[in-house]
Amino acid sequence: MSTPDSSVVFDGMYSKLVDDEGNQDKFSSTADVQHSDGAVFPVRVTALVRSGPGPYRIATICLASLCAILLISIIAVSAHYKNRPQRGDEGTTSMQTDVSALTASLSKLQQENKQLQEDKKALLDKLDLKLTTKAPPVVTLIPNTTGASVECPTNWHLFNSSCYFISTRMISWKLSQTYCERQGAHLAIIHTAEEQTFLWDLLPRAHWNAYWFGISDKQTEDDWKWVDGTSVEKSFWEEGEPNNHINEDCGYIVKTEVLERVAIRSWYDAPCEMSIKFICEKEMKTK
Ligand SMILES: [Ca+2]
Ligand SMILES: [Ca+2]
C-alpha cells in the first residue's frame, strides 16, 4: 500500500502456539510506514486466535490477517494526514511571501524615487547655470529719443539711455539679480513715472503676472533701497503695500487682467525666495 506522501510494506508471519487448553494460532504482521518527510518507522501487529479444526481455522486466520492489514492501513493514513501542512500554515506561508514581495517592491520604489530626486536636483542646477550664463553679445543699434544711437542686445527694450530685459523664466529675487549682473545689468531701478509706465506697457496681462525689480528692505526693515545702494525717493506701491505680511523684503511689479489697475500703483512686497519673472536694466552709452 502507498500514498503520494507515505508508503507501507507488509511482511506477514503465521505460527502455531499451544496453550494449556488446546491449540492457539498467532498471526504477526509488520509494516514499514513512511512519513511525508521521509522518515520510516516499523509497525508490527500480532493477533492471537483461538483456532478450531478444519476450514474454520483457515477462515479465522484469513480474517485475522485482514484485520491486521486494515489496522496498519489506518495507522499509515493517519500518519500521512498528520504530517500534511494545514490550510492555516499554507495561508501563513503565502502571506509571508506576499509581505516579502511588497517589502522588496517598496525598497525598489524608494531607490527609484531617490534617483529621480537626484536627477531633478541636477537638472535644476543645470537650469540655474544656464540662466546665469552670459548671453551672446548680439547687439542692435536703436536710435533713442535724442537721436543718438545706443546699443541694445536682441530682446532688450530701449527707454532713454537704458535697455530693459523682460524675463519669461521664474526664479528668486537673488538669482534674478545674479542673472542680470551676468548680462552687465541689474534688476530694474525705476526713478520716474514715465519709466514705470514704459515698463508696465511692456508687460503682458495675465491672472497675476509678477516681475521682480531692483528694490528691497533686506538690510533694514521698511528702509527700501535700490540694488545700487541708493534710497527710494519716488515709489509706486499699491495701496496698503508694502506690508511685510509674511517677512516680505523684495519688491515686484504686478500686471493683471483687471483693466482698472494702473502702472503707478503696481508695486508689492513679497518673500525674496518666491519664484517669479524679473526685469533687468542696463545703462547704455550713447554714440
Ligand atoms: Ca520687508
Ligand atoms: Ca506685500
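Start by selecting arginine 261: this residue is partly exposed, with a relative accessible area of 21%. Here buried means under 20% relative accessible area, exposed over 50%, and partly exposed in between (1.4 Å probe, protein chains only). What you are viewing is a predicted model, where local features need pLDDT of at least 70, side-chain atom pairs count only at pLDDT 80 or more, and totals for chains, interfaces and linings use all residues. Residues are numbered from 1 along each chain as its sequence is written, chains are lettered from A and ligands numbered from 1 in the order in which they are written, and side-chain values use heavy atoms, with hydrogens and water left out.

**Stop 1: the salt bridges**

(A salt bridge is a side-chain nitrogen of Lys or Arg within 4 Å of a carboxyl oxygen of Asp or Glu.) The two partners come from distant parts of the chain, 23 residues apart: arginine 261 sits in the loop between β11 (250-255) and β12 (267-270), and glutamate 238 in the loop between β10 (225-226) and β11. Helices (H or I, at least four residues) and strands (E, at least two) are DSSP runs, numbered from the N terminus.

Is glutamate 238 buried or exposed? At 17% relative accessibility, glutamate 238 counts as buried.

Arginine 265 is partly exposed, at 41% relative accessibility. Together, Glu238, Arg261 and Arg265 form a network of salt bridges, and the structure holds two salt bridges.

**Stop 2: threonine 256**

Next, select threonine 256, in the loop between β11 and β12. Threonine 256 is buried, with a relative accessible area of 3%. Its side chain reaches the backbone nitrogen of valine 258 at 3.0 Å. Leaving aside neighbours within four places in sequence, threonine 256 is in contact (heavy atoms within 4.5 Å) with Arg205, Ala206, His207, Trp208 and Arg261. Arg261, one of these contacts, is the residue that opened the tour.

**Stop 3: the calcium ion**

Select ligand 2, a calcium ion. Which residues coordinate the calcium ion? They are Glu241 (OE), Asn243 (OD1), Glu248 (OE) and Asp269 (O and OD), at 2.0 to 2.6 Å. Donors are N, O and S atoms within 2.8 Å of the metal (3.2 Å for Na, K and Ca); water is not among the atoms, so sites may look incomplete. Glutamate 241 lies in the loop between β10 and β11 and aspartate 269 in strand β12, so the pair ties together parts that are 28 residues apart in sequence. Glutamate 241 is buried at 18% relative accessible area, and aspartate 269 is buried at 3%.

**Stop 4: helix α3**

Move to residues 173-182, helix α3, where Trp173, Ser176, Gln177, Tyr179 and Cys180 are buried. Look down the axis: these buried residues fall within an arc of 160°, so they line one face of the helix. (The arc is that of the directions from the helix axis to the C-beta atoms.) Just after α3, find glycine 184, which takes a positive phi of about 75°.

Key:
A polar contact is a pair of N or O atoms within 3.5 Å; within protein, one must be able to donate a hydrogen and the other to accept it, and residues adjacent in sequence count only if both atoms are side-chain atoms.
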